[in-house]
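Hello,

Here is the structure for your files. My notes follow below it.

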Amino acid sequence: KPFKRLLLTGAAGGLGKILRERIKPWADVVVLSDIADMGVAGEGEEIVQCDLADKAAVLKLMEGVEAVLHFGGISTENTFENIMQANILGTANLYEAAHKKGVKRIIFASSNHTVGFYRNTDYIDATAPTRPDSFYGVSKCFGEQLASYYFDRTGLETVCLRIGSSFPEPVDRRMMVTWLSYDDLVEALHRSLFATRVGFTILFGMSNNDVAWWDNSKASHIGFKPKDSSSQFDGKFPDSGEYPSPNASVTYHGGGFALAEIRYKD
Ligand code: NAI
Ligand code: 15L
């Protein structure tokens, strides 16, 4: 198998559970980590339950690891304090440990919420300035910048996969644009892990949907070609025709995140 030890953080989460099954062929041992329970280890799996905010635990987690799929953390808006611990401190701990232990490459589950304040009339590529729509989005921008710093300073490579909406199917009109099927997610990860050189790359994670807000031409060296399309769900979410739309969820790339309350603290 291509890797001896591959680490997946966030293994108990929605995407982690899918990936746990799909990435087995890529490594002799997949180290699964999360703060939540992950059940029992199957063949070729090792389970390490820990908090990403625990620096010593994260350093231990990284022993012998060659590459990381970093999916752990808070995955929607939350209080600044909680986001700071899990996503900001957690990701900093992960990068420092990866650097110390000689990890070669990290695939960082970044998010469309790094650019969530762009509008549905904007078509952007990886060079567009970030416009986060939440503390959550700000924390993903932090992760991306940290990845850039560690690459320039140490050569540790990262693909920041700015995932749109990766769920079994779109659940609203916005997701017709942002949807990333699970198969295409796995393909994006596979390409990102096995491309010869990735340096610091930003890759938008969306399927081959009819409408796109994001241009992946700056990441052509990854060779990601999504096969699915939300067009299979055409007609499910008819356009109300109202302009401007009364619904933030179709106005901003980040949908409802863009107009939610600021949650500095609860
Ligand atoms: P999820 O919330 O189901 O999974 C995240 C996992 O991280 C959970 O199992 C949680 O227990 C774990 N976690 C939270 N705080 C932690 C901590 N302090 N230490 C260790 N583990 C911790 O989210 P989902 O949908 O599986 O997303 C996975 C990753 O992908 C997240 O980083 C999310 O931000 C990112 N993402 C997901 C998108 C999607 O459409 N599902 C879209 C954009 C980004
Ligand atoms: C994300 O970043 C979240 O992790 C996910 O739960 C969805 O909200 C997704 O973005 C989205 O924008 O649809």
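**Ligand shells and overall fold**

Around ligand 1, at least two shell residues each come from α1 (14-22), α3 (80-100) and β5 (105-111). Helices (H or I, at least four residues) and strands (E, at least two) are DSSP runs numbered from the N terminus. This is a predicted model, in which local features need pLDDT of at least 70 and side-chain atom pairs count only at pLDDT 80 or more, while totals for chains, interfaces and linings use all residues. Residues are numbered from 1 along each chain as its sequence is written, and chains are lettered from A and ligands numbered from 1 in the order in which they are written.

A residue counts as near a ligand if its C-beta atom, placed from the backbone, lies within 6 Å of that molecule. The shell around ligand 1 has 25 residues, of which G13, L15, S75, A109 and I163 come nearest. α1 gives the largest share, three residues. By class, 12 are nonpolar, 11 polar and two charged. Here Ala, Val, Leu, Ile, Met, Phe, Trp, Tyr, Cys and Pro are nonpolar, Asp, Glu, Lys and Arg charged, and the others, Gly among them, polar.

As for the fold, the protein chain has seven helices and nine strands. The C-alpha trace spans about 55 × 40 × 40 Å along its principal axes. Of the 266 residues, 44% are buried (20 or more other C-beta atoms within 10 Å of the residue's own, all placed from the backbone).

Regards

Key:
A residue is buried if 20 or more other C-beta atoms lie within 10 Å of its own, exposed if 12 or fewer, and partly exposed in between; C-beta atoms are placed from the backbone.
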